[in-house]
Structure formats: C-alpha cells, structure tokens
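This report describes one protein model for a reader who is new to structural work. Please keep the sequence and the three-dimensional view at hand while reading.

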Amino acid sequence: MSAGNRFRFTGVECVKFAVQDVAEACRFASDWGLTYIASTDPEMKVFRAVDGSEVQVFAADPSRIERTPIGGGSGLCELVFGVEDQQTLDALLDELSKDRRAEFDAEGVLHSVDDLGINLAFRIAQRRAVTTQEVTRYNAPGHAERINRRAPRYEAAKPREISHIAIGVDDAGEAVQFYLKRLGFIVSDRYANRGVFMRCSPAGNHHHVFFMNAKVPGTRFNHLAFKVRDIHEVIGGGQHVESLGWKTFAGPGRHIISSACFWYFQTPFGGSWEYAADEDIVTPAWEAQDFAATSHVFTEWTFGLEKSDGTLKGPISGSKEKAL
Ligand SMILES: [Fe+2]
C-alpha cells in the first residue's frame, strides 16, 4: 500500500559521513567550495552549501553504530531528509515504529533505518531556498538576454545546495521498495534493471536518491551531487578542484537522465562528489521513463569517460545486457 504524499519532504537536508581520514575529507570539502561551520561537538566537522544543506564529517569507528559507514571503509553513516513540519515527523514516527527503531533525539530529529540498514534521519528543514543569486542569462540567435554585460566567470565553485545522493546496492528494484511504499517517494526515471531515480516530493528536483546496481556486492555510498548555478560554474569549479590535485572520476559531461551537466571527482568520502547544473525540475505531470541499460545512456556527451572497449569509467556498472 503506497504511503501517498502524506509526508511533506523537502529534500536531502544533510549527509553524515564516517571517514578514515578526517583531515583529508575536510580539505576536500573546503576545496569543493563548501563553507566550514564551527561546531560545539569536537567529533563533528560541518560544511554547508549556500542554502544551508550540509555535510557532517566524523572519524569512522566500527564500535559505534552511528559512526560506522555502510559498506565499511569511508562512507555514508546517516542520510538526513528535511520535512516541512512537526506533523510530518510525528506521522513518520507512527509509520516507521511499526516495524523498526524510530526515535527522536534531544534536538527533535527523528532517527530510523531503511530495509538495507542505511541509517536515516528526518528533521525540520533548515535549508532556505537561494533567492539572491542572479539568474544566468544566455544569448541565443533571435533571443538575446544578456545585453551590454559580460558573461559570468568562475575561478571556483560555490555549491548552492545538495541535489541528490546515489547509493550502490545489490538490487536497486528491491532497495527502493521501502522508500516508495513506506515514505511515499516517487519514481522519476529508471535504468532498466540497473537503477531507480526517486524524488521525495511530487514537485521539484528530478531526483533526491538514486539506487543503482553496483559493480561490487553490498550496499555503499556511491556519490553526492551539489547544484551549482550553471555549466560555467561546473567547469570553473572542476578546473579549480583539479588544480588542487584531486582526481576526476567522470566528466565533465552531460547526463541524458535529468539533463544535468556534471563533473565527478574522487573524494576521501568513500565515493565521488558531483557538481551538477541545469537538472530537470518536475511536477506530478512528469512521466517516468525506462531507459535501456546501454553505456551511452549515462551521458549525452563527455570527455574522457568511455574506454576503448565501449564500457564506461563512470559510476554506472557495465550493462548486464551486454555481458550476457
Ligand atoms: Fe548524480
């Protein structure tokens, strides 16, 4: 039975990582363009995007469940969704406590767990929509929007908000059932037999969570995406991060699903981080599609992603159809 839309989610509010090397993780987050926020908790390092969405960094400690990354090594230890109101938190408590741990902490944050063992939390949204950023203006033949002014240039990126998180699993179709049936998430698109893009609210971002069949068995963090203003900030940010010695994982390029321009980097967080711009925004009228699981679906175009055998160096595993 679907949970419908009775939970008013706002998006990914915060991602907590437990890592092997806190100093390196903090160096990356800072180089990425996030703002360091002083914390009263000496075990926690906090970095924020412009809208207040945040990353929290802890030292991995397998003796503590809240400091243990799923999949081992470095990775995700809790995924926090924002909600609009206390009624949603109370309704989530009722729903989740039917068959799993679900409890409020002293700050009023509700903690629980999904069917794969991924720690989840829910809190009143602290993110505030970015309204002060000037909209990028483009000139096209017959349609001039930028008159007598030069186009913006970026020496580094300043991520506006967290867009989505991707998690590698053994069976994406199975992994999403909890989110669809219990939390009322909505499928936006699918890679046939390999990945499901879900949004947590009927209107807004194309996807907040992407579960994908991973190359290696088990459940682990794959990547975290941050929205920047436009493709120029993707490129300027990527060039800056690269100049500081961090390694490209995939890109720059442009996704077919979600339309985003992207650049992924390897990180000390157990997966990659992605700059993303110009992602699809959808409403209930959006029609989900199944995309064939071929190597070319991942990108419309890219630089340096495809290997000579036609397989990808990117985050999506090789096509099962091709392997058979
Ligand atoms: Fe992504």
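## A buried serine and the basis of the model

A polar atom in the side chain of Ser-53 lies 3.0 Å from the backbone nitrogen of Ile-162. Such a polar contact is a pair of N or O atoms within 3.5 Å; within protein, one must be able to donate a hydrogen and the other to accept it, and residues adjacent in sequence count only if both atoms are side-chain atoms. Ser-53 belongs to the loop between β3 (45-48) and β4 (54-59). Helices (H or I, at least four residues) and strands (E, at least two) are DSSP runs, numbered from the N terminus. At a relative accessibility of 1%, Ser-53 counts as buried. Buried means under 20% relative accessible area, exposed means over 50%, and partly exposed lies in between (1.4 Å probe, protein chains only).

The model is predicted: local features need pLDDT of at least 70 and side-chain atom pairs count only at pLDDT 80 or more, while totals for chains, interfaces and linings use all residues. Residues are numbered from 1 along each chain as its sequence is written, and side-chain values use heavy atoms, with hydrogens and water left out.

## The iron site

Which residues are the protein donors of the iron ion? They are His-164 (NE2), His-223 (NE2) and Glu-274 (OE), at 2.1 to 2.2 Å from the ion. Donors are N, O and S atoms within 2.8 Å of the metal (3.2 Å for Na, K and Ca); water is not among the atoms, so sites may look incomplete. Along the sequence, the spacing of the donor residues is H-x58-H-x50-E. Distant parts of the chain are linked here, with His-164 in strand β11 (residues 161-169) and Glu-274 in strand β19 (residues 272-277), 110 residues apart. His-164 is buried, at 3% relative accessible area, and Glu-274 is buried at 1%.

An unreviewed UniProt entry places the feature "domain: VOC" at residues 161-278. UniProt positions are given in the numbering used here, feature names are shortened, and annotations may be inferred rather than shown by experiment. Over residues 161-278 the chain is 19% helix and 46% strand, and its end C-alpha atoms are 13 Å apart.

Helix α1 covers residues 22-32, and its buried residues include Ala-25, Phe-28, Ala-29 and Trp-32. An α-helix has 3.6 residues a turn, so residues three or four places apart point the same way. At the start of α1, a side-chain oxygen of Asp-21 comes within 3.3 Å of the backbone nitrogen of Ala-23. Just after the helix, Gly-33 takes a positive phi of about 110°.

The whole structure holds 28 aromatic pairs. The rings of Phe-28 and Trp-273 have centres 5.3 Å apart and planes at 80°, so this pair is edge-to-face. Rings of Phe, Tyr and Trp (its six-membered ring) pair if their centres lie within 6.5 Å; planes under 30 degrees apart count as stacked, over 60 as edge-to-face and the rest as tilted. Because Phe-28 lies in helix α1 and Trp-273 in strand β19, the pair ties together parts that are 245 residues apart in sequence. Both Phe-28 and Trp-273 are buried. Trp-32 and Tyr-275 form a stacked pair, with 3.7 Å between centres and 5° between planes. This pair also links helix α1 to strand β19, across 243 residues. Trp-32 is buried at 0% relative accessible area, and Tyr-275 is likewise buried at 0%.

## Nonpolar cores

The largest nonpolar core has 62 residues, and Phe-211, Phe-269 and Trp-273 have the most contacts inside it. Another core, of 11 residues, lies apart from it and includes Ala-166 and Phe-298. A nonpolar core is a set of buried Ala, Val, Leu, Ile, Met, Phe, Trp, Tyr and Cys residues joined through side-chain atoms within 4.5 Å.

## Backbone details

Most residues other than glycine have a negative phi, and most peptide bonds are trans. Gly-251 and Pro-252 are joined by a cis peptide bond, with omega about 0°, and Pro-252 is placed in strand β17 (residues 248-254). Ser-258, although not a glycine, has a positive phi of about 90°. Ser-258 lies in the loop between β17 and β18 (261-266) and is buried, at 2% relative accessible area.
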